Amino acid sequence: MARERGPDGPAAYNRRSNGKTEEPPVSVEPQSAPAIENLLSENRTFPPSAEFAAQANARASLYEEAERDFVGFWERQARERISWDTPFTTGLEWDLPFAKWFGGGTLNITYNCVDRHVERGLGDKIAYHWVGEPGDIRTLTYADLMRESSKAANALKALGVRTGDRVAIYLPMIPELPIAMLACARIGAPHTVVFGGFSAEALSDRINDCGAKLIITADGGWRRGKEVLLKPAADAAAAAAPSIENILVVSRLGAGEPHAGTAMTAGRDHWWHELVDGQSETCPPVPVDSEHMLYLLYTSGTTAKPKGILHTTAGYLVGTSFTHEMIFDIKPDDVYWCAADIGWVTGHSYIVYGPLANATTGVIYEGAPDTPGWDRFWQIVEDYKVTILYTAPTAIRAFMKQGPEFPAKHDLSSLRLLGSVGEPINPEAWLWYQQVIGAGRTPVVDTWWQTETGMILITPLPGVTTTKPGSATFPFPGISADVVDTDGNSVPFGGGGYLVLKRPWPAMLRGIYGDPERFKQTYWSRFPGMYFAGDGAKRDEEGYFWLLGRVDDVMNVAGHRMSTTEIESALVSHPSVAESAVVGKNDELTGQAVFAFVILKAGQEPSDELAKTLREHVSKMISPIARPKFLLFVPDLPKTRSGKIMRRLLRDIAEGRNLGDTTTLADTGVVETIRDNTGRAED
Ligand code: WT7
């Protein structure tokens with residue numbers, strides 16, 4: 001599940017822990033900080049089973065092959081995995097920080113993701129099992145995807161969309177979402193998918209930044225048993241976005257009929273089922289240059305200028321398809337479920353392009369994990385015999401909190417591999433996932449990457465890597481990652497610092513749309529010659545990478561740099577704790593003090609006694625310096641609609657500051673409840 005960047009607050013508070021730093025992080029860091037201290041140690045190891053290793057796609061030799069010649073390594077993948085219209089002539093052109101991969105080549109990504117599979121006889125293979133929240137289902141084969149995306153591409157052409165024109169997609173998790181993306185890519189029109197939970201303002205900001213001509217939206221979708229309307233927001237966005245010429249509207253709530261509650265503007269708005277369904281079923285895929293813009297995905301909140309992360313075609317396809325096949329060990333008969341929203345990069349790379357390029361059978365679920373009950377995911381796993389599940393730590397912790405009786409009601413024996421993405425996973429959540437969901441059999445891949453990286457960069461290779469709960473382990477073959485100190489010097493194993501990437505990779509962002517200066521400033525100026533990811537990391541004595549959250553998650557308590565993530569993991573490892581969020585609160589004596597927000601498991605009662613126990617627990621697990629000075633039991637935490645804890649707000653609460661814009665929160669009431677109780681937190 002991708003991270004939603006919260007709204008931009010005042011500049012001073014513009015460092016959000018679980019989102020990204022909008023501006024170059026240079027100014028927010030102490031000039032000569034010691035390395036982040038490595039306090040929490042997790043020593044349990046999980047070597048691959050012999051059975052899994054014997055059948056695994058990945059081999060340890062990939063690392064050596066890639067180290068010998070990393071460009072040649074990616075070139076081989078590009079030759080073997082892609083159907084080219086014109087073969088590429090150069091591997092990498094690197095004019096730091098601007099990369100071009102597979103120059104001279106032309107291709108069409110939709111041809112690679114759909115048509116070629118149909119041509120080789122896989123037309124009847126299921127591309128997606130789609131499950132609507134109310135219980136309706138749709139099954140799309142590769143032949144269906146080819147036909148539907150061709151018709152949709154013809155409809156785009158009928159609306160005047162040409163190669164290079166931008167199209168905004170604002171849809172719920174329905175089959176028309178991947179179909180619309182493929183339709184755009186079929187004719188070389190870059191898409192920008194805007195998460196359906198975003199406001200009209202967020203949508204118009206993004207449209208205005210890229211000058212999109214068309215919005216593809218729906219009357220609405222289903223969430224927690226309720227209709228959520230989308231068309232009114234699309235209308236409001238269009239009113240504020242002069243580049244919009246048309247709106248194409250899928251009837252989701254109307255189930256394929258004009259939906260009574262949806263206003264349509266004559267001449268501008270068109271129902272999908274009227275315009276698309278009448279189109280020809282053939283539409284030749286347009287070959288584009290390797291570096292043709294495939295899509296933009298915006299990463300900032302609603303009040304500052306959004307940052308359009310630009311991805312191109314060939315390198316992105318190579319990177320996503322290869323990592324997908326290796327990291328998820330994809331076999332022809334797998335049923336693969338990435339439970340992210342397609343509105344985030346995880347969905348782009350690992351629901352749409354990577355899996356389809358590998359002719360994978362996938363599952364897409366429209367709705368919430370607790371609807372109608374907390375066993376909805378496990379029901380879907382059982383129904384479709386899902387073999388691979390990829391989800392986020394926030395979801396895993398929510399399942400943990402509900403208790404093991406929900407998964408226990410279902411047959412999960414089809415699962416053979418589990419993945420995690422989006423934030424550091426606490427060892428306790430990792431173990432719960434592996435043991436309760438995976439019955440102790442499944443490898444767990446904790447995958448680190450970003451919207452900007454396009455593809456997974458730090459991850460175990462299942463069948464090869466011995467994992468440790470909470471560690472993303474090692475860089476993927478061909479990737480050069482390092483942990484550096486404030487001067488950019490590599491920190492020896494055992495120490496912590498800043499995560500950087502030292503060579504280009506095929507799916508990397510090519511820029512920020514329309515703003516090369518901001519691109520250089522944000523990612524390439526902090527450590528010259530290196531990509532600065534904005535994350536803290538440490539390596540243990542064996543070189544395993546442990547992601548420590550955004551660098552602004554790092555606190556400095558009495559001169560000790562500590563990761564909020566480590567303290568959260570320590571709290572969550574206590575049997576009475578379901579979830580926690582830790583922020584730094586300014587402190588006269590120690591610089592910063594640890595402020596912990598704690599959600600208890602069902603049946604646990606908050607008490608001073610328990611608060612004391614938890615403080616002692618952290619002292620014991622990490623160090624007395626990590627002991628929370630403030631500890632507040634809360635019924636819930638402020639989260640974005642995509643499930644990220646908004647630590648920026650928690651910091652504001654901890655500091656007693658005025659709260660900024662809270663409109664991107666899933667539940668704005670949570671904040672008030674917490675704020676009204678902060679007086680009781682101090683030890
Ligand atoms: C940030 C990127 C990659 C798709 C979802 C998020 C954090 C992501 C992990 C992980 C620790 C992780 C980082 C990163 N992150 N995966 N496995 N372990 N942290 O995409 O919104 O671009 O956010 O998410 O802080 O920088 P995004």
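**Close-up views of a predicted model**

**View 1. Strand β14 and its neighbouring strands.** β14 and strand β15 (residues 308-312) pair in the antiparallel sense through five bridges; two strands count as paired if DSSP finds at least two bridges between them. The model is predicted, with local features requiring pLDDT of at least 70 and side-chain atom pairs counted only at pLDDT 80 or more, while totals for chains, interfaces and linings use all residues. Residues are numbered from 1 along each chain as its sequence is written, and side-chain values use heavy atoms, with hydrogens and water left out. Strands (E, at least two residues) and helices (H or I, at least four) are DSSP runs numbered from the N terminus. Opposite L297 stands I309 in β15. Strand β7 (residues 191-193) runs parallel to β14 and is joined to it by two bridges. H191 has Y295 as its bridge partner in β14. Six of the six residues of β14 are buried, where buried means under 20% relative accessible area, exposed over 50% and partly exposed in between (1.4 Å probe, protein chains only).

View 2. A pair of aromatic rings is described by the distance of the centres and the angle of the planes. Rings of Phe, Tyr and Trp (its six-membered ring) pair if their centres lie within 6.5 Å; planes under 30 degrees apart count as stacked, over 60 as edge-to-face and the rest as tilted. By this rule there are 37 aromatic pairs. The W84 and F88 rings have centres 5.1 Å apart and planes at 55 degrees, so this pair is tilted. W84 counts as buried because its relative accessibility is 18%, and F88 because its value is 13%. For Y295 and Y316 the ring centres are 5.3 Å apart and the planes are at 85 degrees, so the pair is edge-to-face. Y295 lies in strand β14 (residues 293-298) and Y316 in helix α10 (residues 314-327), so the pair ties together parts 21 residues apart in sequence. Y295 and Y316 are both buried.

**View 3. A ring cluster and charges over rings.** Ring pairs join W94, F98, W505, F519, Y523, W524 and Y531 into a cluster. A charge sits over a ring if NZ of Lys or CZ of Arg is within 6 Å of the ring centre and within 35 degrees of the ring normal. K468 lies over the face of Y544, 4.0 Å from the ring centre. R503 lies over the face of F70, at 4.6 Å from the ring centre.

**View 4. Helix α12 and the residue after it.** In helix α12 (residues 376-384), the buried residues are R376, F377, W378, I380, V381 and Y384. K385 follows α12 and has a positive phi, near 50 degrees.
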